[in-house]
Amino acid sequence: MQSSLHSKEIFWRKELDLQSTNLVEVCMALTIVSQIFPREMIPAVLPLIEDKLQHSKEIIRRKAVQALYKFYLIAPNQVQHIHDKFRKALCDRDAGVMAASLHIYLQMIKENSSGYKDLTGSFVTILKQVVGGKLPIDFNYHSVPAPWLQIQLLRILGLLGKDDPRTSELMYDVLDESLRRAEINHNITYAILFECVQTVYTIHPKSELLEKAAKCIGKFVLSPKINLKYLGLKALTYVIQQDPNLALQHQMTIIECLDHPDPIIKRETLELLYRITNGHNVIVIVQKMLDYLKESKEEYAIINLVGKIAELAEKYAPDNEWFIQTMNAVFSVGGDVVHPDIPNNFLRLLAEGFDDGKEDDQLRMYAVKSYLTLLEEEDALYPQKFLQVMSWVLGEYSSLVTDVDPEVILAKLHSLLKKTFVTSETKVWIMAAVTKIASHTSHSKTVDKLIQEFSNSLDTCMRQFAFELKHLCEDKALMKNLLPFDASCTDMVVDASLSFLDEFVSEGLGRGAAPYKPHHQRQEEKLSQEKALNFEPYGLSFAASVSSSGITGRQSPTGLSFGSDMSGNSGETGHKETNTLKLEGVHKLWGKEGYLPKKENKVGKENEPQTVSCGSLLARQVGDPSASQSDQVASLSEEDKEKQQLASTLFTGLGSSAGVSLMGKADTATQKFKRKSKINETQNSEEASDFQNSAASDFGPLLDTVPINLEDCEGNVHTRLRKVSLCSSDIVEDNLAFETPQSLKKSGLDDRLSDSRLSQSSLFADSNIEIFQPSPSAHCESASKIPLVPSLPEELQQLTHSEVVELCQSDALALYLCKVWTDDSLLLTVFLSNKTNSALNAVNLMFEEAEHFQILESPTYQFPVIEAQSVERCEKRVWMDKICTQGILSGSIHYQSEMDTRLEFSVTLSLLDFIRPMAMTTEDFGKLWLSLSNDVKQNIKMSPSQDSLSAALNTLQQKLKLHIVDIIGNEGILACQLLPSVPCLLHCRTHSGMLALWFRSPCSALPDGLLYQCQKVMEES
Amino acid sequence: MIKFFLMVNKQGQTRLSRYYEHVDINKRTILEAEVIKNCLSRSKDQCSFIEYKDFKLVYRQYAALFVVVGINETENEMAVYELIHNFVEVLDKYFSRVIMFNLDRVHIILDEMVLNGCIVETNRNRILAPLFVLDKVAES
């Protein structure tokens, strides 16, 4: 507390300094501001900083731009209204100020390159001037003009020209010049050249430039200077995917680098090789990687490289034997630091197999055999993860190997269980394997011994397993049933509704037990009880119910979110879980038949991070796979020949001259171990459901109501209102169902009806240019062709609405749109006008799914027939699903005249289309205010035209549809809601020409969006 | 992006450190120790860039002093390598001899050159301009 107060004080001092006239003070204050600055204090100093952009001294302007860059980094939306000032800085007469603004532009272009394509020309010109030596001489560094500035510009150009031939066209010249100019042999020119090469290979290619860049890379790679070599390898790695021939040109250099004494160079070379791996050279490359791993001690490098080896092995393995051996090496070298995905993927691969069943069995058999040999060694220490993989494979597939007595395997597992280095997690895996093996052996002494030993173990988990095993052994038939052979991939049916418990529940209810209530219901009841005791009007539960309503969809006790509702219809069929291995961590204890003992392959599969050093283990494992290859190399005595040989094996299958292959096979590389598409599907669906869950928690009330409403296609207003109020709390229910219609008319809408023409055009002029300002020519055209401009029916005329504008038209059909802002949604009224003299049949109107918007009812509408020269109308209700300041809803019209015709159109919708006033008392406001957590504060300057608070508030009321709750002195409170029912509260205070805005809402994005609108409105007026 | 800027002597003592990304104080000590260990273990004919964890180190040795800069993969190693030299040249220009008695000045110089992990100024005269003004104020 003390320190935060202290830092606050510092910042206030800085603010004073900023207002100072002393140059040094201002300078130092700006430096501090651009280093550490709290986000919430930005509004306080932003106007001061903006003033400094006009300062006469370049150093002040430059530092002000740097401060803005900092603000942009920590709170981009707070500076989004001053983008034009960035542009001014870019055009500043001083090179230093311009250079400072480039940091902001690099960041903005990284996030959205398409928005700044128009600046390409400026950046090119600047670079041209810099390269041409137009800057003052003191910008030179070792007689190279402003090298770091050049690098920055090259980066920006690379981002702008990526996948964009037209923009790239503009920069070819200057890139060529940069490549040419940077010929002095100095490190800094190499840095520029490197950046240049990267840019040339990033933008739309031009062969001439590529050639020059390739030459440049060659110079780097061949250089005796080690730093340059590194740079060359890095550049080569970057470009090699586009131009593998380049690797062929430098293959001998790459081979030399592979044996370079500097491990950093080696590692960079391996990175390069990883990019050019294919079916032909995978054996050699993986071998080189494993060799490197043996020497490496650094954990991060091991994790990284092991992941790459596993990936390559899975993709390009030439045969089973090699694959298993490589994976063994990966597990023993990588130890327990390997990424958990690696063992999971490996096991999944084994379990699911490929298209050829025979091949699968061979792979599995080979795996079992190799593990048995590994376990043969008495004192070998294996990483836990490796042991887990081994025991799973042995448990599942050891019965495939007929020439080994199961008793031998059991004995090995038994001895492992007694080892001290085996963690309890691994023991569970081993026990599971023992159980599986026991299920298909008749009677085993080892199992008996094991049961006896662990029945009184101190480890409760092991004891549990021992007892289970004991009981299962007594009933072999049940055991066989429970543990079928090779069934790890079979789908399991999960009864998510837990219908088998119905009897139990009804029995309980019969005995007078209280029915189950979901969490949020209990909470609401608790709150309402409190209210009864307090005798106070209740209106606080908003936040609580918002957060809890997000949870209601996830009551499924299995922990899997099926989105099933639990409203008692437990007769529904169980959901199929498609991929058993994805269910790690989920214990499926209950099925249709009742209790299911754990499927062994899932036991204890949570991959707890364990760090065990395992560097010493790697040597032995690695030996085998290399045998064939090293023999081959050893037979050639001369070192050079050896390298040649290596080169030819490394670079087979690359580029056009793949013929150099000595040992490569003729067939093209095919991906051997292809994942089945099934997995991808489930992953996708999982992602989707994850997304939904996360979305649900953010926009609780929005999402919860929407799916229900989608179902009732009639779109009955009454049911919708009722449903909305069901999931929101009392206060909103009141507001929506009873108060809102009247208050809307009373407070906001009626006022605006009178001056709707004026305020609407000003309100939407900037955000909806597309709709509200159709090009004059189009207007005239339509006017001349269509005598009838469609108009709204009477019942809609009374509501506030926009002008009718034309969306698009063809020879036969014209499309018009009118937005009607109803109380509960945005009503898009679309008019279709048939311009021909014959009727149009089967006209289909369809809205595409938009990220931010939700169309209630169905997104399509069909007109069976539109008579000649007549106008048809359809209405669609829209809600905002995800908050954005502005979004596009696109759609198409499909109709048949002489041929199939499709007309596309798009509608721009702004956040304001979905904001409605929210009437409440000052008391309710206070309570709701306290219960809301997301807040945003900002100071904005008031223009002289609205110097008083009430004037400013009136502007907000008129233009943003906010409801003024109360005005007390120089403070005012306003409330609004985003349809259907997300409230947002605003507190305003005036002080010395500034208007301090303070928003609060249960939804975090809403205040930001509204703030932006407020800023715009206040700036305009 | 530049993550941190260190000046360490051969004995492994940190002379100056500046972080552009938040790192816990106690983690800094460990990081600095490991970084200098990495740099010291390399010979003159090895390259000046080290891959360390998920970022890269660029280092340069001046007599008994190491300047080490941690960067992420988007940064151009050679440009940073030269930035170090530029920084040392600026120090050389400003301080007549020993620099380590005026660490506050070194900090000011560094802050003029690198801000929020970005190289913001490389023009020697401009880097030193505010410092000269400060000195003048101090004199009068």
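Me: What is the expected span of a helix?

Reply: The expected span is 1.5 Å times one less than the number of residues in the helix. The model in question is predicted.

Me: Why is helix 21 of chain A called largely enclosed?

Reply: A residue is buried when its relative accessible area is under 20%. In helix 21 of chain A, 14 of the 14 residues are buried, so the rest of the structure largely encloses this helix.

Me: What makes Lys162(A) partly exposed?

Reply: Partly exposed lies between the limits of under 20% for buried and over 50% for exposed. Lys162(A) has a relative accessible area of 45%, so it is partly exposed. Lys162(A) sits in the loop between helix 8 (147-161) and helix 9 (165-181) of chain A. Leaving out residues up to four places away in sequence, Lys162(A) touches Lys117(A), Thr202(A) and Ile203(A). The C-alpha atoms of Lys162(A) and Ile203(A) are 4.3 Å apart, although 41 residues separate the two in sequence.

Me: Why is Glu89(B) called buried?

Reply: The relative accessible area of Glu89(B) is 17%, and buried means under 20%, so the term applies. Glu89(B) belongs to helix 2 (residues 77-94) of chain B. Its contacts, not counting residues up to four places away in sequence, are Tyr141(A), His142(A) and Arg124(B).

Me: How do you know that helix 41 of chain A is close to the expected span?

Reply: Helix 41 (residues 949-960) of chain A has 12 residues, for which 16 Å is expected at 1.5 Å a residue, and its first and last C-alpha atoms are 16 Å apart. Buried residues in helix 41 of chain A include Leu949(A), Leu953(A), Leu956(A) and Leu960(A). After this helix comes Lys961(A), with a positive phi near 60 degrees.

Me: What makes strand 7 and strand 11 of chain A edge strands?

Reply: The open sheet has 5 strands in the order 7-8-9-13-11 (chain A), paired antiparallel. Strand 7 (805-809) and strand 11 (853-855) of chain A each have a single partner strand, so one side of each lacks a neighbour in the sheet. From one strand to the next, the twist averages 30 degrees.

Me: Why do strand 8 and strand 9 of chain A count as paired?

Reply: Pairing needs at least two bridges. Strand 8 (residues 813-821) and strand 9 (residues 826-834) of chain A run antiparallel and are joined by 9 bridges, so they pair. Leu817(A) stands opposite Val830(A) of strand 9.

Key. Residues are numbered from 1 along each chain as its sequence is written. Chains are lettered from A and ligands numbered from 1 in the order in which they are written. This is a predicted model: local features need pLDDT of at least 70, side-chain atom pairs count only at pLDDT 80 or more; totals for chains, interfaces and linings use all residues. Side-chain values use heavy atoms; hydrogens and water are left out. Buried means under 20% relative accessible area, exposed over 50%, partly exposed in between (1.4 Å probe, protein chains only). Helices (H or I, at least four residues) and strands (E, at least two) are DSSP runs, numbered from the N terminus. Contact means heavy atoms within 4.5 Å. Axes are lines fitted to C-alpha atoms, for helices over the stretch in contact, and angles run from 0 to 180 degrees between N-to-C directions.
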